[in-house]
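Today I go through one structure from overall size down to the ligand shell.

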Amino acid sequence: MTTQPTASHFIDGQYVEDTAGEVIDVIYPATGKSIATLHAATPAIVEQALASAKRAQKEWASWTATDRGRVLRKAADIMRERNHELSVLETYDTGKPYQETSVADATSGAEALEYFGGLAASITGEHIQLGEDFVYTRREPLGVCVGIGAWNYPTQIACWKAAPALACGNAMVFKPSEMTPLCALKVAEILVEAGAPAGVYNVIQGYGAVGASLISDPRVDKVSLTGSVPTGRKVYAAAAEGMRHVTMELGGKSPLVIFDDADLENAVSGAILGNFYSTGQVCSNGTRVFVQKGIKDAFLKRMTERLAGIKMGDPQDPDVNFGPMVSERQRDIVEGFIAKGNEEGATLVTGGKRVDGEGFYLEATVFADVTDGMTIARDEIFGPVMSVLDFDTEEEVLERANATEFGLAAGVFTADLTRAHRMAAGFEAGTCYINTYNLAPVEAPFGGSKMSGVGRENSKAAIEHYSQIKGVYVAMGEVEAPF
Ligand SMILES: NC(=O)c1ccc[n+]([C@@H]2O[C@H](COP(=O)([O-])OP(=O)(O)OC[C@H]3O[C@@H](n4cnc5c(N)ncnc54)[C@H](O)[C@@H]3O)[C@@H](O)[C@H]2O)c1
């Protein structure tokens, strides 16, 4: 398959290039070799994209919501038909195994397009009777939305932002992560093929500076970022200057609590999904695994046995279930955390080493005897590193689970259902799991509290974040004035 796109950007319904932009070398993480060369957007490209979105938005918003929804649902169908080719590309872009990308990326994107396509026509205002007078509300689009993506789920992130934005009648300029710039271009192509007017969804490439230049433009009404907390702080502050709406999907250091009475096999499966899926590069990962003392030895033994089922290798091979890290830099960062874990006295149970040879492979790593103050228990690592912490009581573990600035996700494994619901109510996190971990169906809200975010993606809740209410007062009688 050709990984070099026709051009770097997709604006106003077509591919556009400007070779004056800074070079973006796209590296296949499994080999460390270049698979495409793109260029960051120049100011002229940014201008073209915003002008196109501004113009197209008016037309798009004038369509009936049913017609807009039909385009999104058609785009979902096209994505599903092309799932194989889109998944292969996602694997080249990110290094995630095809075994994952073929079921979790374009498929999740298609679900978002289908869901919000179906919802579009039911996005309505309401009628409020006030005696003879009345107020009606109109739920209107915000205008031009900017989407900025992280590198771990490029297709999914592009669609999770495009689908609700477009369903509400907005236009979008999306900037993928400079690490994984390829897949969003395909989403843009597909939307146009499905009938979206040119300019409704534009993709431009670039590093942080391009993202920053989009946010400060007066034509922009909203910014939706998926990224780290430090970037979120900057983007939120820049958006505040222009009083722009925001959605912030940021990082986490989520707790996963396993009580003695939990089903061991399911708890181990949940901890695997919450630490090693996508080689640990998932924002909602439950990387602080609190294990009650009575089940600790059995948990570690079974976890070690199950990790023997990892098959590392060429991520395009459908039998491979564990890919490389996204980049050399990211692997270096994660190795730094592993060194800290060793230095600070955690017990290395398994893994901990890079894999020699080409590509950015790193072993799945488990630390036990981790304490709350250790660096690996406090900082987001964003790699395949699980920290196992011991605990005695429910009260104690809830307090420790919440003792973090992050609040993206949290999970509990227990056979005691009342305790499970008490824990879910007590967790300071936007997305909670009982007896499972890391599922993100489009029907359910996804997002964080505390430093992990503002707003929600997916579900009907996302509509609130891509639209605004206008109240219209209608008088039926004479106007009374004091003089
Ligand atoms: N909550 C979620 O839904 C979610 C999902 C995936 C990843 N994440 C988080 O993303 C992080 C990993 O992704 P990353 O390394 O790409 O994050 P990052 O914060 O480094 O970059 C995210 C995006 O922001 C852009 N950017 C950087 N500086 C900017 C600025 N000043 N103005 C505007 N844009 C700017 C980058 O170019 C990139 O496109 C982790 O912290 C992870 O937890 C969160």
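Predicted model: local features only at pLDDT ≥ 70, side-chain atom pairs only at ≥ 80, totals over all residues.

What radius of gyration would a compact globule with 483 residues have, and what does the chain have? The globule would come out near 23 Å, and the chain has 23 Å, so the two agree. For this I took the radius over C-alpha atoms, and the globule rule is 2.2 Å times the number of residues to the power 0.38.

Residues are numbered from 1 along each chain as its sequence is written.

**Overall**

I looked up the box next: along the principal axes, the C-alpha atoms fill roughly 80 × 60 × 40 Å. I find 16 helices and 20 strands in the chain. These are DSSP runs numbered from the N terminus (helices H or I, at least four residues; strands E, at least two).

**Domains**

How is the chain divided? It splits into domain 1 (9-250 + 452-470) and domain 2 (255-434), with bounds from an automatic or database domain assignment. Their centres, taken over C-alpha atoms, are 30 Å apart. I then checked the contacts: 19 residues of domain 1 touch 24 residues of domain 2, a contact being two C-beta atoms, placed from the backbone, within 7 Å. On the domain 1 side, α3 (83-94) and α4 (98-104) are the elements giving two or more residues. That side divides into 8 nonpolar, 9 polar and 2 charged residues. My classes: Ala, Val, Leu, Ile, Met, Phe, Trp, Tyr, Cys and Pro are nonpolar, Asp, Glu, Lys and Arg are charged, and the others, Gly among them, are polar.

**Seven-strand sheet**

I traced an open, mixed sheet of 7 strands in the order β14-β15-β16-β13-β12-β17-β18. Strands count as paired if DSSP finds at least two bridges between them. At the edges sit β14 (347-350) and β18 (431-434), each pairing on one side only. Neighbouring strands here are turned by 20° against each other on average, direction ignored. Axes are lines fitted to C-alpha atoms, for helices over the stretch in contact, and angles run from 0 to 180 degrees between N-to-C directions.

Inside this sheet, β12 (255-258) and β13 (288-292) run parallel over 4 bridges, and Pro255 stands opposite Arg288 in β13. Helix α10 (264-273) packs on the sheet, touching β12, β13, β16 (385-391) and β17 (409-413), and its direction makes about 165° with that of β17. Helix α11 (296-307) packs on it too, touching β12, β13, β14, β15 (365-368) and β16, at about 45° to β14.

**Three-strand sheet**

Another open sheet has 3 strands in the order β5-β6-β20, paired antiparallel. β5 (127-130) and β20 (467-474) each have a single partner strand, so one side of each is left without a neighbour in the sheet. I count 4 bridges between β5 and β6 (133-141), and Leu130 has Asp133 in β6 as its bridge partner.

**Ligand shell**

Which residues come nearest to the ligand? Of the 28 around it, they are Gly208, Gly211, Gly227, Thr231 and Gly251. "Around" means a C-beta atom, placed from the backbone, within 6 Å of the molecule. I sorted the shell into 10 nonpolar, 13 polar and 5 charged residues. Helices α8 (208-215) and α9 (229-241) each supply at least two of the shell residues. Why do I place the ligand between the domains? Domain 1 and domain 2 both give residues to the shell, so the ligand lies between them.
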